[in-house]
Amino acid sequence: MGNMPIIYVVSDSVGETAELVTKAAVSQFNGNSTTIKRFPYVEDMTDIDEVISLVKMDQGMIAYTLVKPEMREYMKELSQREGIYTCDIVGPLIDQIQQASGKKPLFEPGLVRKLDEDYFKKVEAIEFAVKYDDGRDPRGILKADIVLVGVSRTSKTPLSQYLAHKRLKVANVPLVPEVDPPEELFKVTAEKCFGLKISSEKLNQIRRERLISLGLNDTASYANLDRIKEELTYFDQVVTKIGCPIVDVTNKAVEETANVILNHYYKNIARN
């Protein structure tokens, strides 16, 4: 059994597509991770010469996305001559589409990224969720598409990230009886806020498990039933004052809660 080779991901653009496909392929070799080196923005033959010599030294292989036919041809010829394993990821598919459609491709590098504005929106939303996580900066509440409100351990952070992957900017606000909620919470459209409700028993169980996983004593007030009931009463008072929709997350997976919120959002907010 040989070792996994270093794989050079070579692209005339950023190389994301090639890297994604390469990782998907490597994942089939259970437990055998490998080094993937990205070599982006390959624009001419000398770049290919350079990468071939590096791969030869590393005794690696190449996975590439090059859209210009002359570049693909050069990569193919040179790697064959040097005895290097290569995989043309996008070329054969372009050829097949050309044959099936009778149309000529544009042969323009980087079009995927131009098309994929969604990608940028997603990155922006993920960064937003991180920046305005856990009430860090209440100004985020006014900039957000969605604001999640709940006591500690009601899946606010994973939910924010899940919704960010759907390109929505989410701020989340933890409610603690000893701390007044940020005033911004009462300035935004109530429809944009979602109160995350949970049963005291379920929350107690989650918090106990959390404390144990941190190696702490599970009798701390954080997981005390009376304390939890006090927090949930406070939660009820705040969300009633906001007048926002409430989602019961007690027995819901993050995806289920997210779908409830997304349906409500697209029905009531996105249309307005």
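Reader: Is Asp226 buried or exposed?

Author: This is a predicted model, so every value here is computed from it. Exposed means over 50% relative accessible area. Asp226 has 61% relative accessibility, so Asp226 counts as exposed. The residue lies in helix α10.

Reader: How many residues separate Asp226 and Tyr41 along the chain, and what is the distance between their C-alpha atoms?

Author: They are 185 residues apart along the chain. Their C-alpha atoms are separated by 60 Å.

Reader: Now a helix. What span does α9 reach, and what is expected?

Author: The expected span is 1.5 Å times one less than the number of residues. Helix α9 covers residues 200–213, which makes 14 residues. From first C-alpha to last, α9 reaches 20 Å, close to the 20 Å expected.

Reader: Which residues of α9 are buried?

Author: Buried means under 20% relative accessible area. In α9, Ser200, Leu203, Asn204, Arg207 and Leu211 are buried. Look down the helix axis next. The buried residues of α9 fall within an arc of 100°, so they line one face of the helix.

Reader: What do those buried residues pack against?

Author: They pack against α10, residues 225–242.

Reader: Which exposed residues sit on the face of α9 turned away from its buried side?

Author: That face carries Glu201, Ile212 and Ser213.

Reader: What comes just after α9?

Author: Gly215, with a positive phi of about 75°.

Reader: Which residues other than glycine have a positive phi?

Author: Arg153 is one of them, with phi near 75°. Arg167 is another, with phi near 70°.

Reader: Where are they placed?

Author: Arg153 is in the loop between β5 (146–150) and α8 (156–164). Arg167 is in the loop between α8 and β6 (170–174).

Reader: On to sheets. What is the strand order in the sheet that holds β5?

Author: Read across the sheet, strand by strand. The order is β6-β5-β7-β8, in an open sheet of four strands with parallel pairing. The edge strands are β6 and β8 (246–248), and each pairs on one side only. From one strand to the next, the twist averages 25°.

Reader: How many bridges do β7 and β8 share?

Author: Three bridges, in the parallel sense, with β7 at residues 193–197. Leu196 has Val247 in β8 as its bridge partner.

Reader: Which strands does α8 touch?

Author: Helix α8 packs on this sheet and touches β5, β6 and β7. The direction of α8 makes about 175° with that of β6.

Reader: What about the sheet that holds β1?

Author: Use the order again. Here we have β2-β1-β3-β4, an open sheet of four strands with parallel pairing. The edge strands are β2 (36–39) and β4 (86–88), and each pairs on one side only. Neighbouring strands of this sheet are turned by 20° against each other on average, direction ignored.

Reader: How many bridges join β1 to β2?

Author: Four bridges join strand β1, residues 7–11, to β2, and the two run parallel.

Key:
Residues numbered from 1 in each chain as written. Predicted model: local features only at pLDDT ≥ 70, side-chain atom pairs only at ≥ 80, totals over all residues. Heavy atoms only, no water. Pairing = 2+ DSSP bridges. Axes fitted to C-alpha atoms, helices over the stretch in contact; angles between N-to-C directions. Contact = heavy atoms within 4.5 Å. Buried < 20%, exposed > 50% of the residue type's maximum accessible area, 1.4 Å probe, protein only. Arc of directions from axis to C-beta.
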